[in-house]
Amino acid sequence: MAGLATTFGSGAMTNSINELDHAQVVLVSGSNTTEAHPQVARRIYGCVDRGAKLIVIDPRRTKIARYADLHLQLRPGTDIPLLNGIMRSIIDENLVDDLFIEMRTENFFAMRDMLLQIDLDQVAATTNVSKCMIRQAARIYAQAQRSVICYCLGVTQHICGTSNVQSYANLAMLTGHVEQEFTGVDPLRGQNNVQGACDMAALPNVLPGYQSLDDPGVRNKFKQSWGVELPKTQGVTLLDMTHGGSVWSEGFEQLPEPIRAMYIMGENPMLSDPGIKHVEATLRDLDFLVVADIFLTETAVLADVVFPAASFAEKIGTVTNSERRVQLMNQAITPVGNSRTDDKIIAGIASRFGYDMEYESSAEIMEEICLLTPLYGGMYHDRLKGSWGLQWPCSDRTHDGTQYLHKYSFTRGRGRFEPGDHVEPAEPLSEEYPFLLITGRAYHHYHTGTMTRRSHTLVREHDRPYIDMHPEDGKRLGLQRGDMVQVDSRRGTCNFTVKLTDQMAPGELYCDFHFHEAPVNTLTISCSDPVARCPEFKICAVKAEKVAL
Amino acid sequence: MRDVLSVCTYCGCGCGLYLHVENNQVVGASPSRNHPVSRNNLCVKGWHVHEFIHSPDRLSDPLVRKDGRLVPVSWNEALDVAAAGLKGVKERYGPDRIGVLSSAKCSNEENYILQKFTRAVLGTNNIDHCARL
């Protein structure tokens, strides 16, 4: 998000999902789209069927990579040099969109000077992608009128995640593939409302709608509405809360004043955060922990107070999908048991602080959001009801929403080129830890599995933690399909059932983090991108051996 | 039986789907034909999105830790304990020693309310969620 915010001014998909139908070239990077975003994959397969070209950048030979015209199977963590190589080829072959750069962007000369230093042979050596493939990718992407980039966590979950994202934005600006229909840069968002949670400022550094914490006008507007002065200093991020505490953690500075109490709503950091041992030590060490969730999660068992929350079927409310579409969820049933919706739980606590947060309905809360947040200015429930939702920005009641962003000009004015340089992964492979572990998600499960693992159909399809390994590595370790394998990193140990597959390159392993039996984040490293604070989930060094039965 | 239009809770695609309701129980889900994203199609998670809702593991009553164990209590008691605990830390250490994690699984309205609570009532900007995970 920080990457697109600095280059374009807005951290969201520039296009709508359906615009993919009309793309001529789709470049998919760091996304197992088929499994993680099935509807997006469906559009991509459709346009490929109709003759569009598909380029996939991924260290794994995923399902979508098998359909690609060009699969750049790069060495993990080398997105920046690869993209610089592609951009250098575009300059060499004179496929640059000069008019677009002149009219819409800034800082191009710094970018060009950097690219002219790039040596393609060196890029090929760093990335393990041949020069010929790099040139071909550059031609396919740059020559088409309507090229779309879709990327996901494979790009962002690196210590250089922000710079990775900026590299893709640079590529789009270099060829003018943005600011129009059917062409743009599209980060695919993971959870159903991760876009909305960002928009609503469940973030330590902005106010709703990404309004500045420092702007006196904005602060005054909120003060008028909320009746209190807003705190001035920026807050700390999730990883600083769970790793910056009284317990020392690798790659983190200890906060001078660590967190002593937490309120956690519908999250399970005990499985989802890197370095679980540190998370557990931090949470156990807190003076006070409150968790609100629908199940007794691994995090909830550590709490002093647990509130039973209502699920999505038990409330009225809006969620914002990856393409910025704000949609209304209608209430199907009354809350299960004695559970309550989260806004009611919070209002209950607030009233004990002497602050009134009772609203008549969720529609009334949205009215307050509309009045305070220009991005959501026209998202009233009565407008969303009986429609398929509206895409932000939507400034007022008469606005029909926005299909694609940055029409005529970028949100920040001019798009800014941000030249990036290669950063080696935080944890290099060694003789003792020779395998590179990539973590991600599986088709049948969702995040920490609290919901999907209680769904019997999904469990039937996928019931245990697997690890993917190249057959050659399997042979060397004496493994056959279905054998148990023990994986160790410098931080922890997990056992998996092995799956031998040529989806993996030799020397690389892949597993998902849905299973508490194999808490993968005991293995992962806590190092993160210094700007976006996104952990390096995609690379850590491990060793693997067969478990004797 | 009636059908209620909702949005799939699993991924960022945001498929429109109908929840089939019988006797206050969600018994099935099916795609919306005209929805711009789902277009009469759901993935395996979407088709089975109703299965966790009535799981016997669902939390029903508030729990408070007493003598090291989490025991069911009334809503009033749980809210009192939660408010007192947060107040205690705020008074002892100051508001910036409290951290809040919001949820990408909850609605916009709930996220808005929690960040308002964090900023206006607790008095800190220490709020974040799992966007980076």
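This note goes through a predicted model of two chains, point by point.

1. **Ground rules.** Residues are numbered from 1 along each chain as its sequence is written, while chains are lettered from A and ligands numbered from 1 in the order in which they are written. The model is predicted, so local features need pLDDT of at least 70 and side-chain atom pairs count only at pLDDT 80 or more, whereas totals for chains, interfaces and linings use all residues.

2. **Confidence.** The predictor gives an ipTM of 0.97 and a pTM of 0.94 for the complex. Chain B has a mean pLDDT of 95, and 100% of its residues reach 70 or more. Here pLDDT is the predictor's confidence in each residue, from 0 to 100.

3. **Chain A overall.** Chain A holds 21 helices and 21 strands. These elements are DSSP runs, numbered from the N terminus: helices are H or I with at least four residues, strands are E with at least two. The C-alpha trace spans about 65 × 65 × 45 Å along its principal axes. The radius of gyration of chain A is 24 Å, in agreement with the value near 24 Å for a compact globule of 549 residues. That radius is taken over C-alpha atoms, and the globule rule is 2.2 Å times the number of residues to the power 0.38. Of the 549 residues in chain A, 60% are buried. Buried stands for 20 or more other C-beta atoms within 10 Å of the residue's own, exposed for 12 or fewer, and partly exposed for counts in between, with C-beta atoms placed from the backbone.

4. **Contacts within chain A.** Take the contacts between residues at least 6 apart in sequence: 69% of them join residues at least 24 apart. A contact requires C-beta atoms, placed from the backbone, within 7 Å.

5. **Domains of chain A.** Chain A is divided into domain 1 (2-188), domain 2 (189-234 + 343-395) and domain 3 (435-546). The bounds come from an automatic or database domain assignment. Between the centres of domain 1 and domain 3 of chain A lie 27 Å, taken over C-alpha atoms. In the contact between these domains, 19 residues of domain 1 meet 23 residues of domain 3. On the domain 1 side, the elements giving two or more residues are α2 (33-36), α10 (153-156) and α11 (161-174) of chain A. That side has six nonpolar, ten polar and three charged residues. Nonpolar covers Ala, Val, Leu, Ile, Met, Phe, Trp, Tyr, Cys and Pro; charged covers Asp, Glu, Lys and Arg; the others, Gly among them, are polar.

6. **Strand β13 of chain A.** Is this strand enclosed or open? All five of the five residues of β13 (residues 325-329) are buried, so the strand is largely enclosed by the rest of the structure. A:Arg325, A:Gln327 and A:Met329 are buried on one side, A:Val326 and A:Leu328 on the other.

7. **Pairing around β13.** Strand β12 (residues 317-320) of chain A pairs with β13(A) in the antiparallel sense over four bridges. Strands pair if DSSP finds at least two bridges between them. A:Thr318 has A:Leu328 as its bridge partner. The two strands form a hairpin with four residues between them, and A:Arg324 in the turn has a positive phi of about 70 degrees. β13(A) also pairs antiparallel with β14 (residues 390-391) of chain A, over two bridges. There, A:Arg325 is bridged to A:Gln391.

8. **A:Glu368.** This residue sits in helix α18 (residues 362-372) of chain A. A:Glu368 is partly exposed, with 17 other C-beta atoms within 10 Å. Its C-alpha atom is separated by 32 Å from that of A:Thr299, 69 residues away along the chain.

9. **Chain B overall.** Chain B has three helices and seven strands, in the order β-β-β-α-β-β-α-β-α-β from the N terminus. The C-alpha atoms fill a box of roughly 55 × 30 × 25 Å along the principal axes. Buried residues make up 60% of the 133 in chain B. Of the contacts in chain B with a separation of 6 or more, 33% are between residues 24 or more positions apart.

10. **Domains of chain B.** The assignment gives domain 1 (2-47), domain 2 (59-93) and domain 3 (95-133). The centres of domain 1 and domain 3 of chain B are separated by 28 Å, taken over C-alpha atoms.

11. **Interface.** The contact between the chains takes 114 residues from chain A and 91 residues from chain B. Helix α17 (residues 342-352) of chain A gives the largest share of the chain A side, seven residues. By class, that side has 63 nonpolar, 35 polar and 16 charged residues. Strand β11 (residues 305-308) of chain A runs antiparallel to strand β4 (residues 63-66) of chain B, joined by two bridges. A:Val305 has B:Val64 as its bridge partner.

Definitions and conventions:
Contact = placed C-beta atoms within 7 Å.
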